[in-house]
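Visitor: I would like to learn how to read a few features of a protein model, with the general idea given before each case.

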Amino acid sequence: MQSLKFTESLQVFFSNPVLLSTGISWFLAQLIKGIISLLRRQTRKKGLIEIIETVLWRTGGMPSSHAAVVGSMTAAVGFSEGFGSNLFAVSLFVAMVVIRDAMGVRRSSGIQARTLNILGTRTSEKTGIEFHPVKEIKGHAPLEVIVGALVGIFIATAYAIL
């Protein structure tokens, strides 16, 4: 009897419209990002491996998977709970924070890290002092965020209508 409840719980969990549309939006945004990345490369030696790496790991680029996730989540909550619900309001403000972070803070941090790495490398070459580069986090340009949010909203809307 216990396993039946667990199975039913899993079935309900994986049929949740917010979960499904958000997960699909994330995957689609990351897949599009991988294909765009592959098409932009001069050499296509990595091919499938690069797409898989992008889908599973990379941040930054077109479209923003951050924006796709929160756009889809917010729209899906609106469709399932109502656009006047408290949960929709919370989702909307979480989306605004995530999008602001993806465009502003993360982008600024990435630009600063790149500059620091350039300065560190130049200094290391001139002085011989070892330099360990810092991680460069790619944030998003406004167009990347807009396209990502539209991908997410489209997927949530399609899921709600179909």
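Guide: We will go through aromatic pairs, a surface patch, a helix and some distances in turn.

Guide: This is a predicted model, in which local features need pLDDT of at least 70 and side-chain atom pairs count only at pLDDT 80 or more, while totals for chains, interfaces and linings use all residues. Residues are numbered from 1 along each chain as its sequence is written, and side-chain values use heavy atoms, with hydrogens and water left out.

Visitor: How many aromatic pairs does a search of the whole structure find?

Guide: Rings of Phe, Tyr and Trp (its six-membered ring) pair if their centres lie within 6.5 Å, and planes under 30 degrees apart count as stacked, over 60 as edge-to-face and the rest as tilted. Searching the whole structure gives two aromatic pairs. The ring centres of F79 and F83 are 5.3 Å apart and the planes stand at 80 degrees, so this pair is edge-to-face. F83 also pairs edge-to-face with F88, at 5.1 Å centre to centre and 70 degrees between the planes.

Visitor: Is F88 buried or exposed?

Guide: Buried means under 20% relative accessible area, exposed over 50%, and partly exposed in between (1.4 Å probe, protein chains only). F88 has 15% relative accessibility and therefore counts as buried, whereas F79 at 38% is partly exposed and F83 at 46% is partly exposed.

Visitor: Which residues form a nonpolar patch on the surface?

Guide: Accessible areas come from the Shrake-Rupley method with a 1.4 Å probe, and for residues only the protein chains shown count as cover. Here F6, L10, F13, F14 and L19 form the patch, with about 500 Å² of accessible area together. Helix α1 (residues 2–14) gives the most to this patch, with four residues, while L19 belongs to helix α2 (residues 17–40) and is partly exposed at 32% relative accessible area. Helices (H or I, at least four residues) are DSSP runs, numbered from the N terminus.

Visitor: Where do the buried residues of α6 fall, seen down its axis?

Guide: An α-helix has 3.6 residues a turn, so residues three or four places apart point the same way. In α6, the buried residues are E144, V145, G148, A149, V151, G152, I155 and A156. Seen down the axis, these buried residues fall within an arc of 155 degrees (taken from the directions from the helix axis to the C-beta atoms), so they line one face of the helix. The face turned away from that buried side carries the exposed residues L143, L150, F154 and I161.

Conventions
Patch = residues over 30% accessible without salt bridge, like charges linked within 9 Å, V, L, I, M, F, W, Y side chains within 5 Å. Salt bridge = Lys/Arg side-chain N within 4 Å of Asp/Glu carboxyl O. Helix = DSSP H or I, 4+ residues; strand = E, 2+ residues; numbered from the N terminus.
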